Amino acid sequence: MSSTNDTTAYSKVDELGMKIAYEEALAGYKENGVPIGGCLINHKTGQIISKGHNMRFQKNSPTLHGEISTLENAGRLPGKIYKDCTMYTTLSPCDMCTGAIIMYGIPRCVIGENENFLGGESYLSQRGVELKVVDHDGCKEIMNRFIKERPHDWFEDIGE
């Protein structure tokens, strides 16, 4: 396990959050979408708030990345709810998802991998978000497979 700005141990709640995010990524892949999953958990109570996966191709959406889908599935929540949450994501968050994490004041983000894509981790860290990169083999493998199978869709997803 590698980490950035790592100040806490990888907990049982973190294991659960990453497991759910990875399952969401697999669901997205099986739906012929981009295999990026997310999960939002209250890290104080362990309550699962929501989960989701990238739905850009399934819903013909320019913005439904994994983290955004996770927030969308949570529905409208009071702002204070997010302050006790951790966002779990299978891939380093892009600029849009980084912005959503900052906008809602989510103080912690656990990332499955950042080898296939390195997003806004530096900015998240600068803004005080605690980061943990867990170097998850399954997350790396499924994203690597998707990029090899559908490079044109991958480049569209990241705006290139």
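Author: A polar contact is a pair of N or O atoms within 3.5 Å, where within protein one atom must be able to donate a hydrogen and the other to accept it, and residues adjacent in sequence count only if both atoms are side-chain atoms. This is a predicted model, in which local features need pLDDT of at least 70 and side-chain atom pairs count only at pLDDT 80 or more, whereas totals for chains, interfaces and linings use all residues. Residues are numbered from 1 along each chain as its sequence is written, and side-chain values use heavy atoms, with hydrogens and water left out.

Reader: What makes the side chain of E113 a partner in a polar contact with N116?

Author: The two side chains come to 2.7 Å, and the limit is 3.5 Å, so the pair qualifies. The backbone nitrogen of E115 also lies 2.7 Å from a polar atom of the E113 side chain.

Reader: How do you know that E113 has no salt bridge?

Author: A salt bridge needs a side-chain nitrogen of Lys or Arg within 4 Å of a carboxyl oxygen of Asp or Glu, and the nearest side chain of opposite charge, K140, is 6.8 Å away, so E113 has none.

Reader: Why are strand 3 and strand 4 called paired?

Author: Pairing requires at least two DSSP bridges, and four join strand 3 (residues 85-89) to strand 4, so the two pair, running parallel. Y88 stands opposite V110 in strand 4, and E113 lies in the loop between strand 4 (108-111) and helix 5 (121-126).

Methods
Buried means under 20% relative accessible area, exposed over 50%, partly exposed in between (1.4 Å probe, protein chains only). Lys and Arg count as positive and Asp and Glu as negative; His and the chain ends are not counted.
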